[in-house]
Amino acid sequence: MQTSESQQPQKQLAVQNSGSLSFSSQMSKEDEEMSRSALSTFRAKEEEIERKKMEVKEKVQAQLGRVEEETKRLATIREELEAMADPMRKDVSQIRKRVDSINKELKPLGQTVQKKEKEYKEALEAFDEKNREKVQLITKLMELVSESERLRLKKLEELSKNIDSLH
């Protein structure tokens with residue numbers, strides 16, 4: 001009889017533990033859904049960033065194209081002015097120097113854009129790797145929780161059989 005009384009609290013404890021384990025399983029599913037939602041949000045932001053990056057890149061390319069056209073145009077004008085020995089030769093020379101100066105400023109800006117693109121890709125790869133690792137760990141966790149629940153249920157059944165066999 002005393003064995004039956006000591007097994008009764010153990011059975012209740014096992015049932016309570018099983019309930020909290022089930023709750024943990026639900027929390028893991030909620031965490032996984034939250035992770036998926038966060039990943040979805042991240043991908044949407046990533047697409048927005050990629051779109052904005054392409055816009056900036058297009059603007060830079062358009063600006064470079066305009067600068068090259070302007071440089072050619074100014075060179076042509078300069079040649080015409082030199083041929084005419086125009087008194088505005090000095091102004092043209094100053095403008096040409098300014099265009100050359102802008103070209104020099106544009107080169108490091110283009111390099112900065114490329115560097116930032118490379119950093120972005122590296123950060124994105126690191127993020128994706130960590131996310132894959134997280135998914136693997138969540139999967140492993142789910143397997144362990146499931147196995148634990150199965151073993152607990154099996155133990156509960158054995159205890160229940162032991163109690164039943166006592167009667």
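V145 counts as buried, at 11% relative accessibility; buried means under 20% relative accessible area, exposed over 50%, and partly exposed in between (1.4 Å probe, protein chains only). This residue is found in helix α2, where helices (H or I, at least four residues) and strands (E, at least two) are DSSP runs numbered from the N terminus.

T139 is partly exposed, because its relative accessible area is 41%.

The model is predicted: local features need pLDDT of at least 70, side-chain atom pairs count only at pLDDT 80 or more, and totals for chains, interfaces and linings use all residues. Residues are numbered from 1 along each chain as its sequence is written, and side-chain values use heavy atoms, leaving out hydrogens and water. The protein chain has an average pLDDT (the predictor's confidence in each residue, from 0 to 100) of 82, and 81% of the residues score at least 70. In residues 1–24 the pLDDT is below 50, and this stretch has 17 contacts (heavy atoms within 4.5 Å) in the model beyond near neighbours in sequence.

Across the protein chain, the secondary structure comprises two helices and zero strands. Of the contacts with a separation of 6 or more, 86% involve residues 24 or more positions apart. Buried residues make up 15% of the 167 residues.
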